[in-house]
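Thanks for making time this morning.

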Amino acid sequence: MERTQIGELFDKYGPSIYRRALVLLGNHHDAEEASQEVFLRALRHLDSFEERSSAHTWLIRITTNHCLNLLRDRRRRGELRKQHLEPVPGRLPAAADPGDMLQVRRLLAEADEDEARAAVYVFVEGMSQAEAAGYLGVSRRTVGNLIERFCQWAAGRLAPG
Amino acid sequence: MGRRQAGTWLSPLARERRSGVKYDEKVLRTMTDIEHLLARKSDCPSEAILDRLHWGELDESRAASLRAHLAGCVACQQRMELRRKGFDAFAQLDADGLRARIVEAAAGQAAAGPPKRRSLVGSWLVPAVAAACALLLVVTVFIQTGQRTALRTKGGLALQVFRERDGRVDSPRSQAAFHPGDRLRFGLDLPRDSHVMIVGAEQSGQLYVCFPSDGSRTSRPRPAGRAQQLPGAVRLDASTGTETLHAVVCPRPFSLDELRPNDPAGGLSLPRGCSSCRFVMHKIEP
């Protein structure tokens with residue numbers, strides 16, 4: 001990709017990237033800022049692009065990593081507690097329990113980075129472990145191990161007391 | 001939304017975990033609550049797979065399998081509809097403003113110094129488009145067109161599509177959804193005097209001429225200029241799917257026979273010395 005193609009790249013992939021950022025971050029302002037940063041990071045780090053993967057795959061990786069970093073930053077600033085969940089198009093309003101989403105974001109913010117990434121791909125993106133393995137650049141068995149460790153750790157975090 | 005019956009619903013994790021591994025049920029419930037927000041079923045495709053289906057990037061057998069799933073899954077139909085709407089699904093987002101900020105910031109990065117870059121041309125976009133759509137100058141110009149503001153780049157070739165539907169005219173962005181029967185007119189930023197042809201490329205690879213309206217060969221050059229309104233209009237036929245419009249410009253006369261589709265994503269091979277800019281339409285039933 002040439003940096004001069006950024007507008008066309010945004011036209012095609014922008015809605016997909018913005019939607020992901022909105023689900024992970026929970027509000028439009030942060031999702032918009034994150035989307036902008038994702039495309040600019042893609043330009044800054046063209047040398048890390050592996051041509052065997054698609055541009056979309058690469059952008060999803062950047063989006064996931066960047067949004068998880070933002071969640072961690074929010075946690076450090078103590079903002080997750082106050083986070084207001086804005087409606088996300090395509091979701092069922094009756095099922096959108098802000099408490100559940102907040103709990104998920106807290107877990108993702110506090111988890112080990114690799115485990116959090118695997119959890120996003122499997123639970124939020126709805127990928128199979130095999131599909132997630134392609135995005136993480138690891139084996140399916142490794143994804144299974146990451147998810148298992150994440151769940152064990154999360155069980156401790158969710159335990160009463 | 002109520003939870004599914006125990007025994008009939010499986011999370012991705014539950015589907016794939018090895019037998020005998022016992023996870024804490026509270027963790028599973030917490031994490032899979034997201035799935036309930038997404039209203040997925042156990043066999044629903046991932047977000048990324050639906051994206052690729054939307055862009056026509058899956059092989060036909062996989063796409064047919066997914067379409068069969070979609071036919072019986074209301075949740076996935078809604079997820080696909082979200083993709084068809086593009087940025088229109090996010091009422092609070094000023095997509096044009098965001099696009100402009102990204103383009104300007106990218107230009108700022110360019111001014112700051114050359115990137116360590118690897119050309120992804122070919123795997124991302126068509127090389128001819130890369131050359132033609134180059135943002136030669138960093139100044140961005142906004143032109144009010146109908147009900148929305150379209151981003152233009154000063155100094156480069158640019159194609160704008162004006163859509164008339166039910167008596168209303170707007171200027172949709174590339175990758176937008178169109179309906180059969182929509183009437184289209186075209187605007188052009190032409191950096192130098194050139195012969196111009198607007199060509200449509202169907203998914204089948206079939207090419208058709210939208211402009212000039214009097215044949216499949218250019219006869220005289222158009223003068224350079226910004227925001228030119230091209231004469232004539234076309235009406236979209238009843239077929240659905242993704243079609244790509246190309247504004248092809250050449251320093252000499254040329255004909256449709258000299259253009260060749262060169263990839264399934266709607267790219268064109270151009271005669272030497274010519275360049276182009278493209279606009280993607282997703283034609284769907286209203």
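Let me begin with a convention: helices (H or I, at least four residues) and strands (E, at least two) are DSSP runs, numbered from the N terminus. By that count, chain A comes to seven helices and zero strands, and along the sequence its pattern reads α-α-α-α-α-α-α. Please keep in mind that this is a predicted model, in which local features need pLDDT of at least 70 and side-chain atom pairs count only at pLDDT 80 or more, while totals for chains, interfaces and linings use all residues. Residues are numbered from 1 along each chain as its sequence is written, with chains lettered from A and ligands numbered from 1 in the order in which they are written.

Of the 161 residues of chain A, 52% count as buried, meaning that 20 or more other C-beta atoms, placed from the backbone, lie within 10 Å of the residue's own. If we call two residues in contact when their C-beta atoms, placed from the backbone, lie within 7 Å, then among the contacts in chain A with a separation of 6 or more, 61% come from residues 24 or more positions apart.

Now to one pair of helices. The axes of H5(A), residues 113–124, and H6(A), residues 129–136, come within 9 Å and cross at roughly 135 degrees; axes here are lines fitted to C-alpha atoms, for helices over the stretch in contact, and angles run from 0 to 180 degrees between N-to-C directions. The two helices H5(A) and H6(A) are therefore oblique to each other, given that angles under 35 degrees count as roughly parallel, over 145 as roughly antiparallel, 65 to 115 as roughly perpendicular and the rest as oblique. On the H5(A) side the contact involves A:Arg117, A:Ala118, A:Tyr121 and A:Val122, and on the H6(A) side A:Gln129, A:Ala132, A:Tyr135 and A:Leu136.

Turning to chain B, five strands form an open sheet in the order E5-E14-E11-E7-E8, with mixed pairing, where two strands pair if DSSP finds at least two bridges between them. Strands E5 (176–178) and E8 of chain B stand at the edges, each with a single partner strand, so one side of each is left without a neighbour in the sheet.

Within that sheet, nine bridges join the antiparallel strands E11(B), residues 241–250, and E14(B), residues 275–283, and B:Thr244 stands opposite B:Val280 in E14(B). Finally, E7(B) and E8(B) form a hairpin with five residues between them, and B:Gly205 in the turn has a positive phi of about 95 degrees.

Note on methods:
Buried ≥ 20, exposed ≤ 12 C-beta atoms within 10 Å, placed from the backbone.
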